[in-house]
Amino acid sequence: MNAPAPKRFALVAGETSGDLLAGLLLGGVRERWPDLKSFGIGGPQMAAQGFDTWWPSEKLAVRGYVEVLRHYREIVGIRDRLRQRLLTTDRPDIFIGVDAPDFNLDLEAALKMRGVRTVHFVCPSVWAWRAERVEKIRRSADHVLCIFPFEPELLAQHGIAATYVGHPLANVIPLQPDGAAARSRLGLRPDDEVVAILPGSRASEVQYLARTFFEAAALMKRARPQLRFLVPAVPALRDRIEAAARSAGLGDELQVLAGQSHTALAACDVTLIASGTATLEAALFKRPMVIAYNMNWLSWQIMRRKQLQPWVGLPNILSGEFVVPEYLQDAATPQALSRAVLDWLDAPARIQTLQQRFETLHHTLLRDTARLATDAIEKVLEG
């Protein structure tokens with residue numbers, strides 16, 4: 001009797017956070033199907049799990065309406081070539097779109113129409129903005145893997161099958177991070193006051209945020225000369241980040257790291273951070289933060305009109321209130337950001353209360369994500 005053919009999974013993950021989620025997912029899936037063949041669009045975390053990268057994930061790492069328009073022809077060209085390949089020479093048993101809904105949902109719809117089973121991992125945030133996406137999700141995905149507990153019920157109201165699998169990062173990040181060990185690895189003293197600066201993992205984020213973040217750091221340094229700064233940098237953006245730091249007059253007190261965002265978050269006292277998945281990582285590390293974001297003016301005007309909630313940062317959305325400050329667009333000035341970071345350093349009781357809330361949040365998100373996701377994928381494969 002012939003052995004069954006290896007499972008063939010196609011995946012698309014469209015930036016650093018998607019690559020991280022997909023890498024964690026592939027690790028669990030490969031335990032169930034050790035001879036799995038996986039391919040599509042991904043990054044280094046997926047490659048470490050044996051993923052065959054046809055295009056790198058940074059090709060899709062564009063945020064904002066105007067920014068997407070600049071890259072529209074290239075991105076659509078990639079999607080068209082990928083769709084054609086998946087429907088002809090490299091047809092998969094299942095397609096898993098990891099986040100990147102603007103790219104993945106249309107691709108999933110086209111594949112589903114031609115009989116390919118589809119799963120979308122990370123429910124698009126229809127509860128925060130762009131509620132019109134619900135109908136597109138229903139057309140596109142056979143099943144949605146949700147990382148927040150309230151999402152399956154919301155999707156069920158629209159006839160969309162979904163499973164809460166927890167957030168993979170809640171398994172990766174320890175409930176009690178070892179800040180002392182992280183500081184030791186980075187050559188920091190136990191009594192150093194440390195600020196982690198995370199201006200984003202996309203070129204457009206660094207373009208709009210890095211200079212402002214480093215000007216804020218320079219103001220903090222003037223107020224507290226002993227401060228140390230950690231800057232985890234995506235390797236491809238390191239030169240831009242270092243140039244922005246130099247232009248703000250920062251020198252030896254700034255430590256630019258090759259990635260290592262988790263080490264930086266474990267080691268810091270507070271973080272100045274771009275809105276996105278990194279803010280949830282900071283919350284899981286139980287770190288106080290100041291969230292900021294800036295983008296092309298026209299993109300901001302369009303997105304603001306689609307916003308359904310008063311919060312943008314994930315820790316605030318999940319808490320249902322402003323537990324950490326947010327500064328968006330014109331409000332994100334160096335003076336405001338500097339003042340907000342220093343306010344945290346002067347408020348140990350406030351930090352302790354926040355850490356207790358973040359520990360509760362961590363427990364809420366902590367599930368056996370790899371197993372739950374693999375179980376759901378297996379049910380989709382069985383039809």
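Predicted model: local features only at pLDDT ≥ 70, side-chain atom pairs only at ≥ 80, totals over all residues.

Colleague: Is Trp54 buried or exposed?

Modeller: Trp54 has a relative accessible area of 15%. Buried means under 20%, so Trp54 counts as buried.

Colleague: Let us turn to rings that pair with each other. How many aromatic pairs does the structure hold?

Modeller: There are 3 aromatic pairs in the structure. One of them joins Phe9 and Trp33 in an edge-to-face arrangement, with 5.5 Å from centre to centre and 65 degrees between the planes.

Colleague: Where do Phe9 and Trp33 lie?

Modeller: Phe9 belongs to strand β1, residues 8-13, while Trp33 is in the loop between α1 (16-32) and β2 (37-42). These parts are 24 residues apart in sequence, so the pair ties them together. Phe9 and Trp33 are both buried.

Colleague: Why is the pair of Phe39 and Trp54 called stacked?

Modeller: The ring centres of Phe39 and Trp54 are 5.0 Å apart and the planes meet at 15 degrees. Planes under 30 degrees apart count as stacked, so this pair is stacked. Phe39 is in strand β2 and Trp54 in strand β3 (residues 52-56), so the pair links distant parts of the chain, 15 residues apart. Phe39 is buried, with a relative accessible area of 5%.

Colleague: Now the sheet, please. In what order do the 6 strands of the open sheet come?

Modeller: The order is β10-β9-β8-β11-β12-β13, and the strands pair in parallel. At the edges are β10 (254-258) and β13 (326-328), each of which pairs on one side only. From one strand to the next, the twist averages 20 degrees.

Colleague: How many bridges are there between β8 and β9?

Modeller: Strand β8, residues 194-198, and strand β9, residues 228-233, are paired in the parallel sense over 3 bridges. Val194 is opposite Arg228 in β9.

Colleague: Which strands does helix α10 lie across?

Modeller: Helix α10, residues 203-223, lies across β8, β9, β10, β11 (270-274) and β12 (289-293). Helix α10 runs at about 155 degrees to β11. Helix α13, residues 277-284, also packs on the sheet and touches β8, β11 and β12. The direction of α13 makes about 160 degrees with that of β11.

Definitions and conventions:
Residues numbered from 1 in each chain as written. Heavy atoms only, no water. Phe/Tyr/Trp six-rings, centres within 6.5 Å; stacked < 30°, edge-to-face > 60°. Helix = DSSP H or I, 4+ residues; strand = E, 2+ residues; numbered from the N terminus. Buried < 20%, exposed > 50% of the residue type's maximum accessible area, 1.4 Å probe, protein only. Pairing = 2+ DSSP bridges. Axes fitted to C-alpha atoms, helices over the stretch in contact; angles between N-to-C directions. Contact = heavy atoms within 4.5 Å.
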